[in-house]
Amino acid sequence: MTKLRLAIVGAGPAGIYAADILLKAERNFDVSIDLFDQLPAPYGLVRYGVAPDHPRIKGIITALRDVLDRGDIRVFGNVRFGIDLTLEDLKKHYNAVIFATGAVHDADLDIPGIDLTGSYGAARFVSWFDGHPDVPRTWPLDAREVAVIGNGNVALDVARMLAKHADDLLSTEIPANVYEGLKASPVTDVHVFGRRGPTSVKFTPLELRELGDLPDVDIVVYDEDFDYDDAARDAVASNKQVFVIDKVLNKWRERPAGAASRRLHLHFFAKPLEIVDDGTGRVGAIRYERTTPNGQGGVVGTGEIRELPIQAVYRAVGYFGSPLPGVPFDKKRGVIPNREGQVLWKGDPSFGSKGGNTQMYGVYATGWIKRGPVGLIGHTKSDAMETVRHLINDLGNWWRPQSSSEQSIVDLLDERGVRYTNLDGWHRLDQHELALGADAGRTRVKVVPRDEMVTISRGES
Ligand SMILES: Cc1cc2nc3c(=O)[nH]c(=O)nc-3n(C[C@H](O)[C@H](O)[C@H](O)COP(=O)(O)OP(=O)(O)OC[C@H]3O[C@@H](n4cnc5c(N)ncnc54)[C@H](O)[C@@H]3O)c2cc1C
């Protein structure tokens with residue numbers, strides 16, 4: 001019987017779902033899957049993106065873990081595609097590869113002053129508070145007034161984590177360095193800025209509502225932002241999600257504010273124009289323009305410019321994928337160009353610009369690197385179904401590897417001295433983190449330094 005030796009690069013939800021779906025799919029060939037991740041721990045942004053105070057969402061890890069624990073997928077952690085393994089290596093050892101490398105970097109925001117000291121990307125901050133091994137251990141939380149630019153759930157996560165008292169996070173899995181950093185934060189006011197009105201936000205109602213329950217944090221909304229036009233009123237009447245968001249915000253308008261030691265302000269119709277230098281190269285203020293509805297659901301500037309003193313700013317305007325060596329990349333969208341998961345390239349360069357997009361046989365994409373950084377964890381499942389369907393149907397066009405034995409890739413990694421980890425190693429690390437948690441009266445305490453994660457996983461300590 002034909003056998004598909006498949007490499008999947010990226011052990012986030014997209015990679016794990018793709019493996020699971022393929023193993024369960026109706027097919028007339030055997031399958032053997034190796035799942036690679038650059039991190040020593042699997043689960044991608046579920047472990048390193050979803051906020052620590054969202055245990056229900058973090059709980060999706062249990063379902064992903066069940067897939068890995070079945071034992072029919074080999075896991076190789078701490079293996080970086082592009083450094084430890086190349087596309088040429090994969091071609092020699094596998095019939096095909098699925099890239100599920102996600103999007104981990106901040107999208108740019110092109111306004112003056114965005115590079116000043118005290119200006120940060122949300123993704124880096126998220127990585128820090130979620131204990132990602134590749135960001136510095138300390139974070140400069142020295143601002144009293146902070147701006148967060150963006151009106152999506154990541155902006156809310158960042159604003160909430162900044163405004164929340166550290167002791168209210170003690171029940172979560174935050175690493176010790178994060179607790180200490182947040183505990184020392186002098187923050188009093190967090191200002192969230194959205195260019196459009198309350199009925200155009202990308203928050204989900206649940207995330208928004210949660211803000212209202214933060215102990216000792218007042219939510220401040222401004223009456224001037226609720227002068228709706230017809231388009232906004234229609235949105236409230238016709239869209240259940242907008243209806244709930246509008247209801248939550250209007251309730252807060254009636255709530256007395258002022259008693260809490262911290263405040264979280266929501267500014268709508270406020271378009272950031274510039275981050276103002278305080279004279280020493282640091283963030284000193286945010287300058288923004290008041291906008292107004294344009295009658296078609298969008299906004300236009302009013303020319304009214306305002307300024308608010310801040311000492312730090314976080315841009316939460318989206319994530320962006322990273323190029324992988326040897327793999328086509330769409331620089332505008334930050335994705336691997338593809339047709340329903342089949343990776344496309346420009347074809348034979350001798351065809352010049354006429355080459356057009358042709359399928360790059362044996363190469364597939366799924367998840368955020370396929371579709372862009374939008375959508376929830378559940379969406380990566382339908383993504384994976386589509387990609388896997390093509391992989392199965394493309395049987396005649398798979399690569400024909402030189403050495404497809406399961407041992408050959410292990411030998412290659414060993415030859416190169418790669419300190420890879422495996423599923424047993426992840427279990428060891430997992431148990432270690434749970435034990436650290438138990439000692440501290442918490443569920444889990446994450447291990448942060450990469451070396452320590454690898455040493456524990458490989459049983460070298
Ligand atoms: C801050 C934040 C909060 C979120 N909160 C929620 C939420 O509450 N609920 C929800 O449903 N969704 C949430 N999401 C969305 C969710 O995280 C994504 O939909 C999902 O993680 C995308 O899955 P993915 O597998 O495509 O990418 P990822 O989860 O990013 O996984 C990609 C994996 O590829 C690995 N990788 C990357 N490059 C390489 C390489 N060169 N070599 C080897 N491995 C590599 C990475 O280490 C990573 O493990 C959130 C996202 C963010 C950013």
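Biologist: In the hairpin of S12 and S13, which residue takes a positive phi near 90 degrees?

Modeller: Strands are DSSP runs of E with at least two residues, and helices are runs of H or I with at least four, both numbered from the N terminus. Five residues separate the strands in this hairpin. The residue with a positive phi near 90 degrees is glycine 295.

Biologist: What pLDDT do local features need here?

Modeller: Residues are numbered from 1 along each chain as its sequence is written. This is a predicted model: totals for chains, interfaces and linings use all residues, side-chain atom pairs count only at pLDDT 80 or more, and local features need pLDDT of at least 70.

Biologist: How many bridges join S12 to S13?

Modeller: Two strands pair if DSSP finds at least two bridges between them. S12 and S13 (residues 299–309) run antiparallel. Arginine 287 has glutamate 307 as its bridge partner in S13. The bridges joining S12 to S13 number eight.

Biologist: Which residue of S12 stands opposite valine 276?

Modeller: Strand S11 (residues 270–277) runs antiparallel to strand S12 (residues 283–293), joined by seven bridges. Alanine 270 has its bridge partner in S12 at arginine 290. Opposite valine 276 stands alanine 285.

Biologist: Which turn residue has a positive phi in the hairpin of S11 and S12?

Modeller: Five residues lie between S11 and S12 in this hairpin. A phi of about 105 degrees is found in the turn, at glycine 279.

Biologist: What is the radius of gyration of the protein?

Modeller: The protein holds 16 helices and 18 strands. The globule rule gives 23 Å for 461 residues, and the protein comes close to this, so it is as compact as a globular protein of that length. That rule is 2.2 Å times the number of residues to the power 0.38, and the radius is taken over C-alpha atoms. The radius of gyration is 24 Å.

Biologist: How many residues does domain 2 give to the contact with domain 1?

Modeller: The bounds come from an automatic or database domain assignment. They make domain 1 the residues 3–103 + 323–420 and domain 2 the residues 105–319. Two residues are in contact if their C-beta atoms, placed from the backbone, lie within 7 Å. Domain 1 gives eight residues to the contact, and domain 2 gives 15.

Biologist: Which strands are the edges of the seven-stranded open sheet?

Modeller: The order is S3-S2-S1-S4-S18-S17-S16, with mixed pairing. Strand S1 (residues 3–9) and strand S2 (residues 30–36) pair in the parallel sense over seven bridges. In that pair, alanine 7 has aspartate 34 as its bridge partner. The edge strands, each pairing on one side only, are S3 and S16.

Biologist: Is helix H6 largely enclosed or open?

Modeller: A residue is buried if 20 or more other C-beta atoms lie within 10 Å of its own, exposed if 12 or fewer, and partly exposed in between, with C-beta atoms placed from the backbone. The buried residues of H6 include Phe125, Trp128 and Phe129. Seven of the eight residues of H6 (residues 122–129) are buried, so the helix is largely enclosed.

Biologist: Is proline 133 buried or exposed?

Modeller: Proline 133 lies in the loop between H6 and strand S7 (145–149). Beyond its neighbours within four places in sequence, its contacts are Leu39, Val448, Pro449, Arg450 and Met453. With 21 C-beta neighbours inside 10 Å, proline 133 counts as buried.

Biologist: How far apart in space are lysine 92 and proline 401?

Modeller: Lysine 92 sits in helix H5 (residues 87–93). It is partly exposed, with 16 other C-beta atoms within 10 Å. Leaving aside neighbours within four places in sequence, lysine 92 is in contact with Pro401, Gln402 and Ser403. Lysine 92 and proline 401 are 309 residues apart in sequence, yet their C-alpha distance is 4.5 Å.
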